[in-house]
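Hi everyone, thanks for coming. Let me put the model up on the screen, and then we can walk through it together.

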Amino acid sequence: MNLIFEHGIWDLSNAEIWVGVGLLIFFGILIAAGVPKMAAAQLDAKGAKIQADLDEAARLRAEAEAMLAQIRKEKAEAEAQAADLLAAAEADARRLEAETKAKLEETLARRQKLAENRIAQAEAQASAEVKAAAADLAAKAAEDILAARLAGQAKDPLLDAAIAQIGDRLN
């Protein structure tokens, strides 16, 4: 420090002056060459690119949010449609069950009626066969009795009354 004050600040043998002068010349050349403008343009371009990237990211985010909202809406619609289909299927199942039950009851009633008719017909046929067999047996017995009576010419009033009632009872 002492050197600067002894020789003066403007002494040309002072190296610090030449460093300062060189630095000023360097800055001058940089300014003359337009380096600050180029650096500013580069920074502006970089800033514009970053801003474009941020704008693109904001656009993509808005698009993604819109897609998410659309997907949620479609999901809600699908769930509502599924619930409607389920309710319709349950209603169809209940209706089909009721129809099937009614048809089954109708079929069972028809079969029961048919079975009752067949049973009544079988009873009537059995009754007719029993009556016919009884009539044949009574006729045979009457024939045997009449044949024995004619052979013996004996008259039995009790037997005559029973034979007269057989015809009335069989019809």
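This is a predicted model: local features need pLDDT of at least 70, side-chain atom pairs count only at pLDDT 80 or more; totals for chains, interfaces and linings use all residues.

Residues are numbered from 1 along each chain as its sequence is written, and side-chain values use heavy atoms, with hydrogens and water left out.

Now to α2 itself. Helices here are DSSP runs of H or I with at least four residues, numbered from the N terminus. The 18 residues of α2 should span 26 Å at 1.5 Å a residue, and the end C-alpha atoms are 25 Å apart, which agrees; the expected span is 1.5 Å times one less than the number of residues.

Tryptophan 18 sits in this helix, which covers residues 15-32. With 48% relative accessibility, tryptophan 18 is partly exposed, a class lying between buried, under 20%, and exposed, over 50%, using a 1.4 Å probe and protein chains only.

What about aromatic pairs? There is 1 in the structure. The ring centres of phenylalanine 26 and phenylalanine 27 are 6.2 Å apart with planes at 45 degrees, so the pair is tilted. For pairing, centres must lie within 6.5 Å; planes under 30 degrees apart are stacked, over 60 edge-to-face, and the rest tilted. Phenylalanine 26 is partly exposed at 44%, and phenylalanine 27 is partly exposed too, at 42%.

Methods
Helices (H or I, at least four residues) and strands (E, at least two) are DSSP runs, numbered from the N terminus. Rings of Phe, Tyr and Trp (its six-membered ring) pair if their centres lie within 6.5 Å; planes under 30 degrees apart count as stacked, over 60 as edge-to-face and the rest as tilted.
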